[in-house]
Amino acid sequence: MLATTNKYPFFELAEIIPELNFEFKSYKPLKPVKSGNYIPDFTLNNLHEQWQQFYNGAETHGPVLLRHLLNKPLVISFYSHHWKEAGLDQLKQLNALQHEIRANGGNLLVINDERESGLQKLAWENSLSLNFYFDKDNHMAKKFRIYSESNPAWNRFSGIDANIPLLATYVIDPSQRVVYDYIDEDFIKPFPSKEILSVVYESALIVNSKKSA
């Protein structure tokens, strides 16, 4: 009689070593800031390396006057090159609006998630006249709750392989209150140019009336 050979050796339960370094990250849905909310700790750094400025596609190097930027209604738009055509379309829409935003009493700033050399080429090819602020570690995006490490963008959008902020546009007044919010997560809505200009104009009227009171 032949002896039975067990090719799966026995082992003691005590030999099992538990994996103590496994880290479970719970899912937390994004809850973006909405109109009426305040951003009390909204601050921008005037260090040169955190800014890129373009005029008709050419990069310029002028002083950053934060006081003049923040004492008017400010249109803030979050951008990342990972959004590809959707991101570029938003930049084009903002570029077309910039003069009217200023004419209506406001300012415009694009928040970029990373400082990358491709932005110069993009600005030149599309004749952009925009101010970009480099949001290191997505510090600003976290304040507006449009970025979270527990809810990465690649879980929600096909074709995205990086965790990036939502394509969001806000208008905040000098008191750091959000007076307008816009996020198109389906990329099917037209960019709300008229709404943004209307909000900037109304907010600027309120700011000017307070100054003259």
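Predicted model: local features only at pLDDT ≥ 70, side-chain atom pairs only at ≥ 80, totals over all residues.
Residues are numbered from 1 along each chain as its sequence is written, and side-chain values use heavy atoms, with hydrogens and water left out.

Gln176 has a phi near 70°, a positive value in a residue other than glycine. Most residues other than glycine have a negative phi. Leaving aside neighbours within four places in sequence, Gln176 is in contact (heavy atoms within 4.5 Å) with Asn37, Tyr38, Ile39, Pro40, Asp41 and Phe42. Gln176 also lies 9.8 Å from Thr43, C-alpha to C-alpha, although 133 residues separate the two in sequence. Lys84 in helix α2 is not a glycine either, yet has a positive phi of about 55°. Lys84 is exposed, with a relative accessible area of 54%; exposed means over 50%, buried under 20% and partly exposed in between, with a 1.4 Å probe and protein chains only.

Now to the sheet. Seven strands form an open sheet with mixed pairing, in the order β2-β1-β5-β4-β3-β6-β7; two strands pair if DSSP finds at least two bridges between them. At the edges are β2 (58-60) and β7 (178-183), each pairing on one side only. From one strand to the next, the twist averages 25°. β1 and β2 run antiparallel and are joined by three bridges, and Gln53 stands opposite Thr60 in β2. β3 and β4, by contrast, run parallel and are joined by six bridges. There, Tyr79 has Asn112 in β4 as its bridge partner.

How many residues of β3 are buried? Six of its six are. In a regular strand the side chains alternate between the two faces of the sheet. On one side of β3 are Leu74, Ile76 and Phe78, on the other Val75, Ser77 and Tyr79, and all are buried. Helix α2 (residues 84-103) lies across β3, β4, β5 and β6, running at about 165° to β3; axes are lines fitted to C-alpha atoms, for helices over the stretch in contact, and angles run from 0 to 180 degrees between N-to-C directions.

The whole structure holds seven aromatic pairs. Rings of Phe, Tyr and Trp (its six-membered ring) pair if their centres lie within 6.5 Å; planes under 30 degrees apart count as stacked, over 60 as edge-to-face and the rest as tilted. The rings of Trp51 and Tyr133 have centres 5.0 Å apart and planes at 70°, so this pair is edge-to-face. Because Trp51 lies in β1 (residues 51-55) and Tyr133 in β5 (residues 131-134), the pair ties together parts that are 82 residues apart in sequence. Both of these residues, Trp51 and Tyr133, are buried. Tyr182 and Phe191 form another edge-to-face pair, at 5.8 Å centre to centre and 85° between the planes, and both Tyr182 and Phe191 are buried.

Conventions: Helix = DSSP H or I, 4+ residues; strand = E, 2+ residues; numbered from the N terminus.
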